Amino acid sequence: MAPVIGIIANPVSARDIRRVVANAANLQITDRANIVLRVLAALRACGVTDVLMMPENGGIGRHVARGLSRAAAHGEAPYPTIHPLPMPVTGTVADTHRAADAMRRAGVAAIVVLGGDGTHRAVVAHCGAVPVAGISTGTNNAFPEHREPTITGLATGLAVTGQVPADIAFAANKRIDVSLNGRMEEIALVDVALVTERYVGARALWKPDSFRELFVTFADPEVIGMSAIAGLLEPVTREESGGLMVRLGTPASNTAASGMTVLRAPIAPGLMASVGVADWRRMPAGVPFVPEVKAGSIALDGEREIAFSAQDRVSLTLRDDAFRTVNVGGCMQHAAQYRLLTGAPAPVTAEL
């Protein structure tokens, strides 16, 4: 059977408080629909003929349908057939959870996700072994790599149709499991931050005075958000085992006396913040970490999700090989090396 691809496009990503306090972008619905159309065209070029898509009330689906109708009116057929998932629409993260689970059960070969770190986390929580291809349309986008969506669609199509070997086409990824009182509550794909504020409020993190501890799966100095703090201290790649743990605090007037280093980090688009760093160390995979913060809230991938008190027991464990993504770079390099898009075989290198 021909592979089927799932598409989950979040119509409300990039609309949190960081658009007010920083200079975060906000993609319009038409822009998101155009991204979907670019992905669809690339998938069809690789032989994908059917796509399952999450329904939503934001208007992405309507604009995509218009694009398909225009192509059909011109006698063109550059897109796969879209099948909306038969599910209720609530306008909440529950839609993403339900869609990812339904796509997994339907046996899709991969799920293309349009959203920020939070949207990708919601998909990974329910997609099981189905690989994810991320497209950045959120506020803080440390997890989905920034590239043209056409290329992401092309790599996904090459991967699921078997034109690229699986060991190249897909990559293993890390996550952090968050347990509260002995029961696993949530996951994070990039970072877990513990802050002193007990209320969840606007959810997004942007006040560094409350930051106390940070745990990351990878530390990249080229990203923004909480993980940028770790990345500017000691880079940890996505591919290597384990992550990094950082103890934070409010920079004192006499920094030398407090033993704290002050780091300037981009915690949101266009927002540089001074963050006090007490120390940091590696976070090995499979080893439970118990935070020192006694009460506050836990932020997952930049958004406060869980409040806890001194009576609660919090534990964080990093997992290697926790889920899979489409290795876009690897797929495209393989396609170029073996001329997969030319129909002509790659030349054999002559031995000297």
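The model is predicted: local features need pLDDT of at least 70, side-chain atom pairs count only at pLDDT 80 or more, and totals for chains, interfaces and linings use all residues. Residues are numbered from 1 along each chain as its sequence is written, and side-chain values use heavy atoms, with hydrogens and water left out. Helices (H or I, at least four residues) and strands (E, at least two) are DSSP runs, numbered from the N terminus.

**The α2–α6 pair**

Helix α2 covers residues 29–45, and helix α6 covers residues 149–160. Their axes come within 7 Å and cross at roughly 35°. Axes are lines fitted to C-alpha atoms, for helices over the stretch in contact, and angles run from 0 to 180 degrees between N-to-C directions. The crossing is right-handed, a term for the near helix being turned clockwise from the far one by less than a right angle.

Contact means heavy atoms within 4.5 Å. The residues that meet are tabulated here.

| Helix | Residues in the contact |
|---|---|
| α2 | Ile35, Arg38, Val39, Ala42, Leu43 |
| α6 | Pro149, Thr150, Gly153, Leu154, Thr156, Gly157 |

Six residues of this contact are nonpolar, four polar and one charged. Ala, Val, Leu, Ile, Met, Phe, Trp, Tyr, Cys and Pro count as nonpolar, Asp, Glu, Lys and Arg as charged, and the others, Gly among them, as polar.

**Helix α6**

The twelve residues of α6 should span 16 Å at 1.5 Å a residue, and the end C-alpha atoms are 16 Å apart, which agrees. The expected span is 1.5 Å times one less than the number of residues. Ten of the twelve are buried, meaning under 20% relative accessible area (1.4 Å probe, protein chains only). Among them are Thr152, Ala155 and Leu158. Just after α6, Gly162 takes a positive phi of about 80°.

**Cores**

A nonpolar core is a set of buried Ala, Val, Leu, Ile, Met, Phe, Trp, Tyr and Cys residues joined through side-chain atoms within 4.5 Å. The largest has 36 residues, and Val36 and Val64 have the most contacts inside it. Elements supplying at least two residues each include β1, α2, α6 and α10. Helix α2 gives the most, with nine. Val36 touches Ile7, Ala9, Met53, Ile60, Val64 and Leu114, not counting residues up to four places away in sequence. Another core, of 25 residues, lies apart from the largest one; Ile8 and Phe143 are among its members.

**Asn10**

Asn10 sits in the loop between β1 (4–9) and α1 (18–21). Asn10 counts as buried because its relative accessibility is 14%. Beyond four places in sequence, Asn10 touches Arg32, Ile60, Leu114 and Thr119.

Methods. Buried < 20%, exposed > 50% of the residue type's maximum accessible area, 1.4 Å probe, protein only.
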